[in-house]
Amino acid sequence: MQPRSSDGPGRPPKKYYSARKKFCAFCKDKITLIDYKNHKNLENYISETGRIFPARVSGTCAYHQKQLSKAIKRARQMALIKFSEEKKRLS
Amino acid sequence: MTSRYEIGFIVTPEVNEEEVKKITESITSTITKAQGVIENLDEWGRKKLAFPIHKNLEGYYVFVQAEVDGSVIATLERRLKQMEKVLRFITLRLDDKLKKSNKLTKRWAKIDRLRKKTMDSREEKESEDFNENEEDSDATEK
């Protein structure tokens, strides 16, 4: 079978994207201790509704994910990060 | 046994800044009285809370890092609990984490050194190969 070309009839060939490999942002910057007071950075690792992203989504390594979850929970205790928020709906 | 601790607390927005300073002074003085050393004092001032606590939308944030005996921290916790002007507080021990972080930095330094070595050796090899190729091409021309 001949490969479809964009010049010929029919649909153009489907483009396949290879997913870029995720990496731990903390390992890259060589951060050994994640501080709960640095809430602006922690907000990158929580969803719109306030849930912590799993490591498979954010790409953080196990060592840092453990620290990160603890830091987020401490920040919540000190009212630096929201606990939860209802999803805003478009009515 | 002394170790490093971090104490953070939020004071209600109803009081003015002088009273906040009084509370921080009372805490720092108890630490210094027990032969502790205050390493860092962070005063963020009036800040908006992420969610209301007892119908308060703002609060004064204060963080103290000190090296003291553990028993002093226990008494401080008891006192902070009784204070009505303090909305929330948190106490943490930092020693174990610092030890772990030092280990990790050492490991990363080792990895970096090894990586540099391998890269250097690879570059040398590549340069050698390049030279060999040049020699070969010269030979063929002749």
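**Close-up 1. Chain A, where 64% of the contacts with a separation of 6 or more join residues 24 or more positions apart.** Here two residues are in contact if their C-beta atoms, placed from the backbone, lie within 7 Å. This is a predicted model, so local features need pLDDT of at least 70 and side-chain atom pairs count only at pLDDT 80 or more, while totals for chains, interfaces and linings use all residues. Residues are numbered from 1 along each chain as its sequence is written, with chains lettered from A and ligands numbered from 1 in the order in which they are written. Chain A has four helices and zero strands, giving α-α-α-α along the sequence. Helices (H or I, at least four residues) and strands (E, at least two) are DSSP runs, numbered from the N terminus. Of the 91 residues in chain A, 21% are buried. Buried stands for 20 or more other C-beta atoms within 10 Å of a residue's own, exposed for 12 or fewer, and partly exposed for in between, again with C-beta atoms placed from the backbone.

Close-up 2. Most residues other than glycine have a negative phi. A:A79 isn't a glycine, yet its phi is positive, about 60°. You'll find A:A79 in the segment after α4 (62-77) of chain A, and it is buried, with 22 other C-beta atoms within 10 Å. B:K55 also has a positive phi, near 65°. B:K55 sits in the loop between β2 and β3 (56-69) of chain B, and with 5 C-beta neighbours inside 10 Å it counts as exposed.

**Close-up 3. The open four-stranded sheet of chain B.** The strand order is β2-β3-β1-β4, with antiparallel pairing; strands pair if DSSP finds at least two bridges between them. At the edges are β2 and β4 of chain B, each pairing on one side only. On average, neighbouring strands are turned by 20° against each other, direction ignored. Look for the antiparallel pair β1(B) and β3(B), which is held over ten bridges, and for B:G8, which stands opposite B:F63 in β3(B). Helix α2 (residues 70-82) of chain B packs on the sheet, touching β1, β3 and β4 of chain B, and its direction makes about 160° with that of β3(B). Axes are lines fitted to C-alpha atoms, for helices over the stretch in contact, and angles run from 0 to 180 degrees between N-to-C directions.

**Close-up 4. The largest nonpolar core, with 30 residues.** A nonpolar core is a set of buried Ala, Val, Leu, Ile, Met, Phe, Trp, Tyr and Cys residues joined through C-beta atoms within 7 Å. Those with the most contacts inside this one are A:L42, A:A71, A:I72, A:A75, B:I7 and B:I10. Two or more residues each come from α4 of chain A and from β1, α1 (17-33), β3 and α2 of chain B. The largest share, six residues, is from β3(B). Zoom in on A:I72: leaving out residues up to four places away in sequence, it touches A:L42, A:Y45, A:I46, A:I52 and A:I81.

**Close-up 5. The side of chain B that touches chain A.** Contacts join 14 residues of chain B to twelve residues of chain A. On the chain B side, β1 (2-11), β2 (37-53), β4 (86-93) and α3 (95-141) give two or more residues each. α3(B) gives the most, with five.
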